[in-house]
Amino acid sequence: MINYTAIFHALRPEASLVVGALVVLGLDLWLGRGRTEGQRLRLSSLVGLLAVAAAICASLGAGSSGEVVDGVLILDSLGLATRVGVLGLTGLTLLLAPGTSRVRNPAELVAIILFATSGFTLMAVAQQLLLAFLALELASLSLYILAGFDKSRPASAEAALKYFLLGGVSAAFMLFGFSLLYGLTGSLVLPEIARAIAVNEQSTLLMVALVMILVAFGFKAAAAPFHLWAPDVYQGAPTISAALIASASKLAGFVLFVRLLWSGLLPAAGSVATFDSVPGWLPVVAGLAGLSLFLGNFVALAQSNVRRLLAYSAIAHAGALLLGVMAAGVAGPGPLFYYAATYGLATVGAFGVIAVVEQAGGCQSLSDLAGLHRRSPLLAACLLIFILSLAGIPPLAGFFGKFAVFAAALKVGGLGGPLGWLTLAAIFLSAIGLYYYLLILKQALVLGPAADRGKISVPANAGLALILAAGLIVALGLFPSVVLGLF
Amino acid sequence: MILTPLHLCLILSSALFCIGLIGALTRSNAILVLLGIELMLNAANINFIAFWRYGPNPEAGTGVLFVVFAIGVAAAEAAVGLALVIAIYRHQRSIRLQDARLLKG
């Protein structure tokens, strides 16, 4: 007998998000007539923020009470933290939206952001392949629409189509991999799959399934060599959508990835702790991580468009996050979660600054940020914090994220194997990364503004969101144990 | 080696998946790429049905359930995909992927 009360209790965050989305659409239909788009966006965002707040309360209420419905959902500390994390990042994105984005359908924008978020929160607690697939597709389909939301710009449509086509191929890879896993183990629930794999001998078919799932997650995480969509989407998508794609979807995706690999495919992990590595998914993930770190950091050096630069830096960060995934077996998911959450905060903030500058006359190339300290000291100060956190400068949260992940990775096998050397390379490449981050700061803080660029007035809500994000980065950097101690 | 019905189904689904992948990677028409993706998704669905039918416990119905949901997702994906194809057609008056080259670097 299925316990529907337990299901409802566990899924209240998703329920409040979906109800919120429907209320947003209904209210806009009812009250929106005859009002300007700015007013409608403010109303929709306000309702959206209320729905997100209700969802945060509901997630805290659901707590970490263990498995629900025969292990389909798992409410543990990682799931709870991820739910609150993605909801917080979505809240910041919604707070940024009014005044910084000009859209013709404001209510639909907010509703689709809420649908995407319910996908993220489901990904955070999914422990079964069907639910994982549905949550991932709910999130992905919403993000494709968000990427193409600005119908007036051809770049937005092009970005969305590229994102959709590559994402569709990756979804097919994932579904095929899941079907092989189901065939090999006869189950969809992750711990049962792990038990079945441990009993059976390792077959070629299992390796095929593993490779397909890794390809699919490589696409979703924008890890090289499956990163091709990321720069185009970051550049072409509306800024608000890019902020969501770069932050909350990353966090939820990596948490689902960790769950799938460590609780579902643990017996097929192999090993990268020593140089005579055992075949499994760990060596493949190590390859993806190394390639992403190198390609992301080096290609970012050559970028002149600030959004593409952030995209390549995101690829480099995906490499570091994959190190965290590999270390999660020994050190637990704490370092990975801390890294992904603080990276998401810094990215939302950076895209928020870009969104505000965009309203004051465009923000594509690096030189559009020139003289930001004179045009708006608040934006320049916030950008300084976000970029330094992305670069990993202490005492900001980005530094402790990198520190925790690299320390955890070094604990796995020391310097005696590929993982140790990869970590050393990652530390070295972070130093290279500092160069292109400083290029952004040089434009914003050192150079003077172009003659035709005047002061920027920051909308109050966007200023609040930026200050919140910057404050959280500083606070989490000063007290990292608040998050790291949760696991 | 004797080919059981399960083997035949897996060979069929693998062939379908490869045809779909080749189509998705080589076609320049956005709708044909979409068709390729649908073929790949349906190859996975055949796998699920085959593993369910010839698996140890066909009473459970897990495979069929997954396929029903996967078909729903594929339909939603086609709807979103066609909407995006229309969006790009409005701007560049063609749906050839080679013409979509605003974003690069």
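This is a predicted model: local features need pLDDT of at least 70, side-chain atom pairs count only at pLDDT 80 or more; totals for chains, interfaces and linings use all residues.
**View 1. Chain A as a whole.**
Chain A is built from 21 helices and two strands. Its C-alpha trace spans about 70 × 50 × 40 Å along the principal axes. For 487 residues, a compact globule would have a radius of gyration near 23 Å, and chain A comes in at 22 Å, so the two agree. Of those 487 residues, 61% count as buried. If you take the contacts in chain A between residues at least 6 apart in sequence, 78% of them join residues at least 24 apart.

**View 2. Helix α5 of chain A.**
This helix runs through residues 106-125 of chain A. At 1.5 Å a residue, its 20 residues should span 28 Å, and the end C-alpha atoms sit 30 Å apart, which agrees. Look around α5(A) and you'll find it mostly covered, with 19 of its 20 residues buried.

**View 3. Helix α17 of chain A and its neighbours.**
Here we have residues 377-391 of chain A, a helix of 15 residues. From first C-alpha to last, α17(A) reaches 21 Å, close to the 21 Å expected at 1.5 Å a residue. Eleven of its 15 residues are buried, so the rest of the structure largely encloses this helix. Among the buried ones are A:L379, A:C382, A:F386 and A:S389. And what do the buried residues of α17(A) pack against? Their partners in chain A are α14 (306-331), α15 (334-359), α16 (372-375), α18 (397-413), α19 (418-446) and α20 (460-478).

A cis peptide bond links A:P394 to A:P395, with omega about 5°.

**View 4. The loop between α9 and α10 of chain A.**
Two residues are worth a stop in this loop: A:A222 and A:P225. A:A222 has a positive phi, near 60°, even though it isn't a glycine. Is A:A222 buried or exposed? With 27 other C-beta atoms within 10 Å, A:A222 is buried, because 20 or more is what it takes to count as such. As for A:P225, a cis peptide bond joins it to A:A224, and omega there is about 5°.

**View 5. B:R93 in chain B.**
Now hop over to chain B, where B:R93 lies in the segment after α3 (62-92). B:R93 isn't a glycine, yet its phi is positive, about 60°. It has 8 other C-beta atoms within 10 Å, so B:R93 is exposed, the cut-off being 12 or fewer.

**View 6. Where chain A touches chain B.**
The last view brings the two chains together. How many residues does each chain put into the contact? Chain A gives 35 residues and chain B gives 34 residues. On the chain A side, the elements giving two or more residues are α6 (129-147), α7 (154-185) and α10 (229-236). The largest share, 18 residues, comes from α7(A). Sorted by class, this side of chain A has 21 nonpolar, nine polar and five charged residues.

Note on methods
Residues are numbered from 1 along each chain as its sequence is written. Chains are lettered from A and ligands numbered from 1 in the order in which they are written. Two residues are in contact if their C-beta atoms, placed from the backbone, lie within 7 Å. Helices (H or I, at least four residues) and strands (E, at least two) are DSSP runs, numbered from the N terminus. Ala, Val, Leu, Ile, Met, Phe, Trp, Tyr, Cys and Pro count as nonpolar, Asp, Glu, Lys and Arg as charged, and the others, Gly among them, as polar. The radius of gyration is taken over C-alpha atoms; the globule rule is 2.2 Å times the number of residues to the power 0.38. The expected span of a helix is 1.5 Å times one less than its number of residues.
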